[in-house]
Amino acid sequence: MYFSICFDFMRLDTRNLVELNVETFDKDYQTDSYFYNCFIRSIDGKSHCWVRGKVFINPDKNKKSYHFDYENQPYEKFITGYDKDGNEILQDCKKEDGKHFVLTYFKKEVLDKYYNDPVKYKVDGWRVSSNFFSLKIDNNVENYVPVFLIELGMLPHKEQLHWKQYNISPQGGISGTYYKTMIEGSWVEHPETPDLFFKHKYKQFNSRWEKEFGWKFYKPLAKQDEHIFTSLHLPTSNNVKSFCEQILSLTKLTIDRLNEKELEKNPLAVDGDKGIAKLEKFLKSKDIVLPDMILFLKTLWDLRSGLLSHSFSNANKACKKAIKYFNFREDNYVEVATDIFTKSIFTLHTLENRLLKYKMQTA
């Protein structure tokens, strides 16, 4: 690649050119590898000097090519459809005419590598990115990940191989959110999947709450814990380890981060109350009673306690009730996690609607 260095230096002096014993000047300097201009002038009795230009550094043709050399790097083949006999069609991901809207699909597990290393990678509804690559994806579908074929050609070959092992047969297309955003170029208010929508709503709710009440409903995470939010996602398979990790993270962001110091500032507060009890009395002090929401939060806390004590079984009575409440089976961890994320979204909606409505009525 060619490398361009642009420079722009300016110096001002309160003295005029006569005092500096300098004359006006304006000259260009140019060779095959650089160009710059230097000029000196007087402005309102002051002196002004400016040097600006560019230096071009040519690529070293003798050096080994890197994965950024898109012309020469390998391009893996991915499944893009079926032929007339029902056999899978494989196409390479090199950017070529006729491939711009060709889709290929992947298991959700393809994202685990990136979710599990939130310091190095970032995953949202639209892309997977790091310091070295950025891949546009549609992460707004619950059961699979659609990607436009030629986008994979922007990945280093090693990353292409990672995606290839999770490649699956054609599915049901892209999400409405992705279509409106990436194809139509329209602004979409929020992502579609419960995990991404929860993260969007969580930030929006906390920001609006602080604006209205002057304090954050959920205390911010410490810098070293920000990965908890970044890596939060629905489990990609019925894996109990992944389920436990994500539910613990969700509980840390909600119940553990309740701003108890502010919530206890109400006439019904009693010494010894903990997080959910403080929230319940805070609501009651404003004549708001939400038994279903409080039951959900208490049950989620019981589930969290069972996970932390490694008693995710019928041996723990509180956890046993939580298992019944969330309708656990051995094969429905993703379904249960989706339900918990959805109920957490409803919790944010309820708090926002009821408490902001209360403030408007009392204003």
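Hi everyone. Let me start with one word: a residue is called buried when it has under 20% relative accessible area. Keep that in mind, and remember too that what we have here is a predicted model.

My opening example is a pair of residues, F148 and Y178, and both are buried. Their rings form an aromatic pair with 6.3 Å from centre to centre and 35° between the planes, which puts the pair in the tilted class. So where do these two residues sit in the chain? F148 belongs to strand 11, residues 145–148, while Y178 belongs to helix 4, residues 176–183, so this pair ties together parts that are 30 residues apart in sequence.

Now compare that with F243 and F328. Their ring centres are 5.3 Å apart and the planes stand at 90°, so this pair is edge-to-face. F243 lies in helix 7, residues 240–253, and F328 in the loop between helix 11 (317–325) and helix 12 (333–362), so here the parts tied together are 85 residues apart in sequence. Once again, both F243 and F328 are buried.

How many aromatic pairs does the count give? It comes to 33. There is also an aromatic cluster to look for on your screen: F198, Y202, F205, W209, F213, W215, F217, Y218, F229, F282 and F341 together form one.

One member of that cluster, F229, has a charged neighbour too: K199 lies over the face of F229, at 5.4 Å from the ring centre.

Let's move to the strands. Strand 2 runs over residues 25–30 and strand 3 over residues 34–43, and they pair in the antiparallel sense through six bridges. These two strands make a hairpin with three residues between them. If you want to trace the pairing by eye, find F25, which stands opposite I40 in strand 3. Then take D26, which stands opposite F39 in strand 3.

Strand 3 has another partner, strand 4, residues 46–57, and this pairing is antiparallel as well, over 10 bridges. Here you can look for Y34, which stands opposite V55 in strand 4. Which residue takes a positive phi in the hairpin of strand 3 and strand 4? That is D44, with a phi near 50°, in a hairpin that has two residues between its strands.

One general point to take along as you look: in a regular strand, side chains alternate between the two faces of the sheet.

Definitions and conventions. Residues are numbered from 1 along each chain as its sequence is written. This is a predicted model: local features need pLDDT of at least 70, side-chain atom pairs count only at pLDDT 80 or more; totals for chains, interfaces and linings use all residues. Side-chain values use heavy atoms; hydrogens and water are left out. Two strands pair if DSSP finds at least two bridges between them. Helices (H or I, at least four residues) and strands (E, at least two) are DSSP runs, numbered from the N terminus. Rings of Phe, Tyr and Trp (its six-membered ring) pair if their centres lie within 6.5 Å; planes under 30 degrees apart count as stacked, over 60 as edge-to-face and the rest as tilted. Buried means under 20% relative accessible area, exposed over 50%, partly exposed in between (1.4 Å probe, protein chains only). A charge sits over a ring if NZ of Lys or CZ of Arg is within 6 Å of the ring centre and within 35 degrees of the ring normal.
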